[in-house]
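Dear colleague,

Please find below the structure I am handing over to you.

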Amino acid sequence: MPPFRRRQRSAPLEATPPVALPPDPEAELEAAEALASECLGGREESWLDAQPTIDAETAAWAALGALELGRLPQVRRVLERLLQAQRADGSLPVTLRSGRHPMGKLVNWLKRVPRPSFPGKPSFSRDAIQGARAHALVTWACAEFTLRTGDAELAQRWRKPLEAAIDWIERHARLNPPDVGLEALYHQAQIALGHLSIASGDAVAGARRWAAAAAAKERIQDAERTAGTSIEDLLLVALVSACDARTRDEALSRGDLHQHGGVMAWVAAQAGLLAEAETLLRRCAQTALAHGGFQGPAGAAQFLRGLSAWKRLAESCRHTVTRPRHRQWQLSEDDLRILSVC
């Protein structure tokens with residue numbers, strides 16, 4: 001019997017590595033935009049409607065992002081709920097609890113009652129800075145919503161509550177030295193409220209609001225840049241163009257793409273830096289796709305705002321008509337001969 005010989009196995013075939021195709025910039029931005037839209041909820045029920053507790057500051061950022069998606073009914077519902085909970089002194093709630101249980105569907109099915117909805121129990125902040133930031137953001141979102149919709153009746157109805165919220169900020173959040181992040185949000189709120197006043201037919205009040213916004217920008221420029229200033233506040237200052245180019249570039253270089261990528265691209269687009277805004281948007285989109293999402297609704301909203309600002313800037317640059325250069329005068333040989341004689 002022949003001796004048993006172990007059969008030698010052939011070497012495994014090496015798999016051919018896949019060819020890495022260059023990423024499509026438009027596909028990346030579209031995928032990131034869809035991811036941000038998913039972060040803010042669907043068209044039927046937005047993120048604002050699905051939360052048992054709504055933080056006013058986060059809700060205002062989410063509303064500003066949902067405006068870019070055209071989700072006007074969801075934005076109006078939440079902003080109206082925040083304004084309905086306003087106190088007589090003008091203070092707005094920092095959180096709203098809907099009263100929904102985490103297992104609300106099962107509980108409501110057992111009780112045979114419909115799900116409870118807003119308005120829930122509001123809570124107000126004892127911290128003046130935290131409350132003032134929420135007031136400024138909600139005012140900004142409400143004023144921009146009314147301007148987007150063009151609803152004159154809604155503008156007249158919301159104008160007094162928003163002015164009361166701004167007056168609350170001026171009474172309770174005046175610091176020395178000023179908080180630059182709060183001043184930047186206050187600036188945006190005054191600009192939006194000025195547009196709302198002019199749209200309501202009161203040009204004098206609108207001019208006063210814009211003067212207050214200019215004063216806020218001067219306070220930001222006069223404030224000393226300390227080491228304790230957060231990168232979020234620096235980016236807000238750069239967003240309202242209340243700093244020089246060096247401070248803006250410093251904020252753009254210090255920002256983290258996963259946390260601040262959207263507002264960084266927004267800042268670059270506001271400054272007219274088309275190529276830098278596109279680069280930041282692409283890097284922010286790649287980071288968000290790698291992490292599977294943004295840093296909450298605020299990060300998704302800031303990315304959508306930056307994307308819209310970049311698209312508007314690119315469209316304006318595309319349609320800009322450059323003036324033709326004047327032809328230089330060319331002297332003829334006779335003219336040159338005359339000049340040489342002279």
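Glu250 and Arg254 join their side chains in a salt bridge, with 3.5 Å from N to O. Please note that the model is a predicted one. Both residues of the pair Glu250 and Arg254 belong to helix H11 (residues 245–254), where they stand four residues apart, about one turn of the helix. Glu250 is partly exposed, at a relative accessible area of 33%, and Arg254 is likewise partly exposed, at 43%.

In total, the structure holds 16 salt bridges. Among them is the one between Glu33 and Lys311, whose closest N and O atoms are 3.9 Å apart. Glu33 lies in helix H1 (residues 25–39) and Lys311 in helix H14 (residues 296–318), so this pair ties together parts that are 278 residues apart in sequence. Glu33 counts as partly exposed, with 27% relative accessibility, and Lys311 also counts as partly exposed, with 42%.

A further salt bridge links Glu163 with Arg159, and here the closest N and O atoms are 3.0 Å apart. The two residues Glu163 and Arg159 sit in helix H7 (residues 152–172), four residues apart, or about one turn of the helix. Are Glu163 and Arg159 buried or exposed? Both are buried.

I turn now to the cavities. The count comes to two cavities of 30 Å³ or more.

The largest cavity has a volume of about 50 Å³. Its lining includes Leu257, His258, Cys284, Phe294 and Gly299. Helix H12 (257–270) and helix H13 (274–291) are the elements that give two or more residues to this lining. H12 gives the most, with five residues. By class, the lining of the largest cavity has four nonpolar and six polar residues, and no charged ones.

The second largest cavity holds about 30 Å³ of space. Which residues line the second largest cavity? They are Trp140, Ala184, Leu185, Gln188, Leu236, Leu239 and Val240. The elements that contribute two or more residues to this lining are helix H8 (180–199) and helix H10 (231–239). H8 gives the most to the lining of the second largest cavity, with three residues. The residues of this lining divide into six nonpolar, one polar and no charged.

With kind regards

Technical notes. Residues are numbered from 1 along each chain as its sequence is written. This is a predicted model: local features need pLDDT of at least 70, side-chain atom pairs count only at pLDDT 80 or more; totals for chains, interfaces and linings use all residues. Side-chain values use heavy atoms; hydrogens and water are left out. A salt bridge is a side-chain nitrogen of Lys or Arg within 4 Å of a carboxyl oxygen of Asp or Glu. Buried means under 20% relative accessible area, exposed over 50%, partly exposed in between (1.4 Å probe, protein chains only). On a 1 Å grid over the protein atoms alone, a cavity is a set of points where a 1.4 Å probe fits but cannot get out, and a pocket is an open set with protein on both sides within 12 Å along at least five of seven lines; lining residues have an atom within 4 Å of a point. Grid points are joined across faces, edges and corners, and a volume is the space filled by probe spheres set on the points. Ala, Val, Leu, Ile, Met, Phe, Trp, Tyr, Cys and Pro count as nonpolar, Asp, Glu, Lys and Arg as charged, and the others, Gly among them, as polar.
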